[in-house]
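Here is a briefing on a single protein model. Please look over the sequence and the structure before reading on.

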Amino acid sequence: MAEDPTLRIEVPALLDGLRVDRAISLVTGVPRAAAAAAVDGGRVRLGGAVVRSGSRRLAEGDVLEVDPDPAGAGGLVGEPEVVVPVVHVDDELIVVDKPAGMVVHPGAGRQTGTMAGGLLARFPELEDLVRQGICDADRPGIVHRLDRGTSGLLVVARTPGAYHSLVAQLARRSVERRYVALVRGHLADDRGAVEAPIGRSTRTPTRMAVSATGKAARTRYSVLARTELPEPCTVLLVALDTGRTHQIRVHLAAIGHPVVGDDRYGPRLSGSAADSVGPGLPGGRQFLHAAQLSLDHPGSGLPVSWSSPPGDDLEAVLPGLRAMVARGLAPSGDPGVSRP
């Protein structure tokens, strides 16, 4: 954590009910991943007892103790053994085609084997962004993310100027992100939009939910095909107008059409029912792929775009998917998910 002696505080009312890892991050200023590492390393105590989980909730008056990190500041370490598929690189940015199963950056429960660690080994200058205080130590250059079970394109900044440019473009919603998704059931309309705020679930904090107190979120979609696999499913081209956590998965589940393979927001299936759709998809793999990314280049200001065809795992479930998506992404494709 730091070179200082053990941190010892009496939990104030302001931190009452907060997760231990979140509270440590707020109090010390370290990234959440470093706070989680302190918990995992047995360096956090409440009332003298070692805390075993970062999700433990604090209560006002608790005595919280955090021992220093014996290894020092504990920033992200480059991991040359983590192979990150890079589809484009220039002086300003890196475009990654992330495989399903790869975690973007360290977090609670996963400190190594991440895309961020692999990129830092290949592009050590990303650490300069951390030294300059531009981004968190565990997310060098990372301006957006994909869930572990989702594959496809995301962009990483290499310079301070690129980082600020990409963050600003995301904030004003000028970055276009198109996904292909296979969802359960047949959607009635060929195109539409889901506009509903998303926030943390009050019942399960690790889940997101449509909530009146959440942040505004809008997802547009158009139908590429309706299929029987052997149950009714729909292939969608989806575009994000906002970038909330788990947005596509939450919004599609909210309208009764969860993403195939999503056991967090969709139905929990077992046995033959689990294999009725998506045979060959490993556990935790959603049928969701970030197929196109378009933005204004931070250096030239000119519009640039990249496309990624669905992988073999998705094509095996739905033969002909790649050709279907290519047609949908063509300039004459469905205007329902065109760039806003």
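How do the residues of the lining of the largest cavity divide into nonpolar, polar and charged? They divide into 7 nonpolar, 1 polar and no charged. Here Ala, Val, Leu, Ile, Met, Phe, Trp, Tyr, Cys and Pro count as nonpolar, Asp, Glu, Lys and Arg as charged, and the others, Gly among them, as polar.

This is a predicted model, in which local features need pLDDT of at least 70 and side-chain atom pairs count only at pLDDT 80 or more, while totals for chains, interfaces and linings use all residues. Residues are numbered from 1 along each chain as its sequence is written, and side-chain values use heavy atoms, with hydrogens and water left out.

**Overall**
- The protein has 9 helices and 15 strands. These are DSSP runs, numbered from the N terminus (helices: H or I, at least four residues; strands: E, at least two).
- Of the 340 residues, 49% are buried. Buried means under 20% relative accessible area, exposed over 50%, and partly exposed in between (1.4 Å probe, protein chains only).
- Among contacts with a separation of 6 or more, 68% join residues 24 or more positions apart. A contact means heavy atoms within 4.5 Å.

**Cavity**
- The count is 1 cavity of 30 Å³ or more. A cavity is a set of points, on a 1 Å grid over the protein atoms alone, where a 1.4 Å probe fits but cannot get out; lining residues have an atom within 4 Å of a point.
- The largest cavity holds about 30 Å³ of space. Grid points are joined across faces, edges and corners, and the volume is the space filled by probe spheres set on the points.
- Its lining consists of Val-143, His-144, Val-155, Leu-166, Leu-170, Val-175, Leu-293 and Leu-295. Helix H5 and strand E14 (288-296) are the elements that give two or more residues to this lining.

**Nonpolar cores**
- The largest nonpolar core has 65 residues, and Met-115, Leu-119 and Phe-287 touch the most other members. Strand E13 (residues 232-240) gives the most to this core, with 6 residues.
- A nonpolar core is a set of buried Ala, Val, Leu, Ile, Met, Phe, Trp, Tyr and Cys residues joined through side-chain atoms within 4.5 Å.
- Another core, of 15 residues, lies apart from the largest one and includes Val-11, Ala-23, Ala-35 and Val-39.
- Leu-119 touches Val-84, Val-86, Ile-94, Val-96, Leu-126 and Val-156, not counting residues up to four places away in sequence.

**Strand pairing**
- Strands E5 (residues 86-89) and E6 (residues 93-98) run antiparallel and are joined by 3 bridges. They form a hairpin with 3 residues between them. Two strands pair if DSSP finds at least two bridges between them.
- An open sheet of 4 strands has the order E1-E4-E2-E3, with antiparallel pairing. Strands E1 (7-10) and E3 (49-50) stand at the edges, each with a single partner strand, so one side of each is left without a neighbour in the sheet.
- E1 pairs with E4 (residues 63-66) in the antiparallel sense over 4 bridges. Ile-9 has Leu-64 in E4 as its bridge partner.

**Positive phi**
- Arg-173 has phi near 65 degrees, a positive value in a residue other than glycine. Arg-173 lies in the loop between helix H5 (160-171) and strand E8 (176-184). Arg-173 is partly exposed, at 42% relative accessible area.
- His-246 has phi near 60 degrees, again positive in a residue other than glycine. His-246 lies in the loop between E13 and helix H6 (247-254). His-246 counts as buried, at 12% relative accessibility.

Methods. On a 1 Å grid over the protein atoms alone, a cavity is a set of points where a 1.4 Å probe fits but cannot get out, and a pocket is an open set with protein on both sides within 12 Å along at least five of seven lines; lining residues have an atom within 4 Å of a point.
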